[in-house]
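Have a look at it first, then read on.

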Amino acid sequence: MWRGLLLTFSFWGIGAVVLRATLIPPQVCPTVTAEAALASADEAALWIERAQRPDGTYLYEYQAPDDIDLGGYNIVRHAGVTMSLYQRAAETGDLRDLPAADRGLAWMTASLYRRDGWAAFQGPAGGDLQLGASALMLAALEQRRIATSDTSHDDLMRELGRFLIVMQQPGGAFLASWRLATAQPDPALRSKYATGEAFWALTLLHRFFPGEGWDRPARAVARYLSLYRDEAEGFDFPPWADQWAAYGLAEMASWPLDEDNVAYARRLAERFGFLVRVESQRRQDWWSNLVHGRQARAAGLGTWGEALDSLHHLASVDPRLAPLREKLAERAACAAGLLAGRQVTEARAADYGSPESVRGAWFTGGITRMDDQQHALSALVRAAPILAATKEERR
Amino acid sequence: MTDYLRLAVVFLLAVNPAFVFLSYLPPANGSSPRARVTAAALGLALATGLYAAAVLGSSPLLDFLEVEPETFRVAAGVVLATMGARALLPASSALGDVPSGWRAGIYPLAIPLLAGPAGLVAALSYAADESAGLTFVATLPALGAAAALSAWAPSRWRPACAMAAPLAAALLVAAGAGLIVTGVRDI
C-alpha cells in the first residue's frame, strides 16, 4: 500500500511541478497607486518632450546601451505620440505638455493635403494619404479640444472627418490609403490599426458636433467591427486586439451600444484580459522566454492597458457590461503596475551614458521607439482614475 | 442545466465510477463481500475528506501560488483532458501490486481512483470560480456511485462498465477542452 501511495504521490508531485513551470507560474502584478501611475505618465511625457526636435518631430527609435539614434520615422506614430500628450492634458487638466504637443501639431498642419472640402495629414515627404495618420491627427485635435476647450481647430477637425468619410466603404469598413495617382482610395489596402483609429476619431467628432451626423458613419464602423471585420480582413484568432475599437466603444457608451456592439466589447475584454494575464506570468529569463514568449514591449502592453481602461469605462456606464467591471479594473491595474515597474527610473538611467535619453522610457532589447512611450503614457494616465476608485471602494 | 447539475456531471466524468470499478475489480475479487464494503466505506470517507480539503483550500492555495482562477482553469482543463485520455487506456494497467482487505480502500480506491488528479484539480478550479459548498456537494454523487460500485457491483457488470468508462473518459477530454477555452476566453 505504502509503495503504491508513494509512487502515486511522486507522479502527482512531478505533474504539479510541470504545471507550475509551464501553465501556472505566478502572476505578478506590481502594485501601483493612482499617484504613482500619474508620476510614471509624467516621466513618459517628459521623455517625449526631451526627445522632441525644434521642428516638432520626435526621436523615433533609440538604442540606449550605445547611445545611438537609430533614425527612421513614421507619420502615423507621430500623430499618435502627439495625441498622447494632448490626452494626458485632457485626462489630468495639467497643460504642461501643451507647447510640445502644439509643436507636434504644427508639424502636421504644415503638411496637409486638401481636396474637395476635406483635409488629410500627408507628411512632408508627400505621397499617398494614410488613413491612420489623419485619424490620429484628428484624435489629437479632439484631445486638445477636451483639454483646452479651444475651438480654433474645429473646422480642421471637420475637414479631417470628411476625409475619413471619403475612405469609408458602404458596409462601414475603411480603406487604408488614398492614392494620389488615381485620386481615389486604394481598394486593395486595409489596415488592422487604421479602421479602429478612424472609428474612435469619428465617435469623438459626434461629441463635439452632435447635430452634424458624425454618429452615422461611427455606428456603421462599429457594426462592421462587431460583426464582420475579423472575417473580412482575415484575422486568424478573432477578435483582433484593437484598443482603438475599445476607445470608440467607450466613447459610444451613452449613445448607447447595440447588442452586437456589447457582445464585441465583451469579446475584446476577454482578449485583453487574457493578454495581460499571460504577460503577468512572463519573466526575463530563458525558461519564461521559451515557454511563455518574451515580455511584450511597452507599445504592446500599453495598448492592452488602454483597451482595458476604455472597456472599464464602458462597463461603468453600460449595465449590460457591469458584471465585467471589477475584473477589468483588476486587469487594468495589473497592466499599469507592469508598465510602471518596467519604466527606467532616474536611478537606473544614471548607469547610462546619456541618462536623459533613457529616463522615463521603456526598452526592449536596449531599444525604445517613441510609441512605447505613447501607449504606456496613455494606459497609465487613464488607469489612474480606476486605481483611485478601486482604492476608494476598498475603504 | 443548473450549476449544480453541470458540476455534478463534470465530477461524474472526472471520477468516472465505471473506470474506478474496472480498476478496482481485480483486487476486490479476492476479498470477501464484507471486506469490499469496508474498503469502499474507508475509501469514500478518505476521498470525501480530500475533496473537502481541496474545495476549502482552493482560494488560499491559488493566492499562495499567485495564480488567478481563470488561469488555473486552463491548467485544470489540461489535467482533465490528459486524465481523460489516460482513462481511455485499459483500466488498472498502472496500479501495479495492490493490497487486499481494508487497505485497498486507501490505495488504490481512495487514492488515486476516487480522489485522482482530474477530480481534485476540478474541485480546486470550480471552488475558486464558484461556490466551495456547491462544488463539494457536486462531488458527492460521483463519489457515492463509484464507492457503491466498488462495494457491491458483481463481476458480471464488468462489460457494461467497460463500455461506459471510455465514453466518460472521452467526454472528460471534451470537458477539459471546454475548461481550457473558458479559461483562455475569460478576462
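**Notes on the predicted model**

1. On the patch, two helices of chain B, α1 (3–15) and α7 (132–152), each put in at least two residues; helices here are DSSP runs of H or I with at least four residues, strands are runs of E with at least two, and both are numbered from the N terminus. The nonpolar patch covers about 520 Å² and consists of Met1(B), Tyr4(B), Leu5(B), Val9(B), Val137(B) and Leu140(B). The biggest contributor is α1(B), with 3 residues. Patch residues have over 30% relative accessible area and no salt bridge, with like charges joined within 9 Å and nonpolar side chains (Val, Leu, Ile, Met, Phe, Trp, Tyr) within 5 Å. Areas are Shrake-Rupley with a 1.4 Å probe, and for residues only the protein chains shown count as cover.

2. Ground rules: this is a predicted model, where local features need pLDDT of at least 70 and side-chain atom pairs need 80 or more, while totals for chains, interfaces and linings use all residues. Residues are numbered from 1 along each chain as its sequence is written, chains are lettered from A and ligands numbered from 1 in the order in which they are written, and side-chain values use heavy atoms, leaving out hydrogens and water.

3. Confidence: the model scores ipTM 0.90 and pTM 0.91. Chain B averages a pLDDT (the predictor's per-residue confidence, from 0 to 100) of 92, and 94% of its residues score at least 70. Within chain B, helix α2 (residues 17–29) is lowest at a mean of 80, and helix α6 (residues 117–129) is highest at 97.

4. In chain A, Asp116(A) has a positive phi near 50° and lies in the loop between β3 (112–115) and β4 (118–121). Ser149(A) has a positive phi too, near 60°, in the loop between α5 (131–148) and α6 (154–167) of chain A.

5. Cores: a nonpolar core is a set of buried Ala, Val, Leu, Ile, Met, Phe, Trp, Tyr and Cys residues joined through side-chain atoms within 4.5 Å; buried means under 20% relative accessible area, exposed over 50%, partly exposed in between (1.4 Å probe, protein chains only). The largest has 119 residues, and Phe121(A), Met137(A), Leu164(A) and Leu311(A) have the most contacts inside it. A second, separate core of 58 residues includes Val10(B), Ala123(B), Leu149(B) and Ala169(B).

6. Arg88(A) and Asp42(A) pair at 2.4 Å, N to O. This links helix α3 (residues 75–92) with helix α2 (residues 34–50) of chain A, the two residues being 46 apart. Arg88(A) counts as buried because its relative accessibility is 3%, and Asp42(A) as partly exposed because its value is 22%.

7. In chain B, Asp186(B) and Arg73(B) form a salt bridge at 3.0 Å, N to O. Asp186(B) lies in the segment after α8 (158–185) and Arg73(B) in helix α4 (residues 69–87), so the pair ties together parts 113 residues apart in sequence.

Conventions:
A salt bridge is a side-chain nitrogen of Lys or Arg within 4 Å of a carboxyl oxygen of Asp or Glu.
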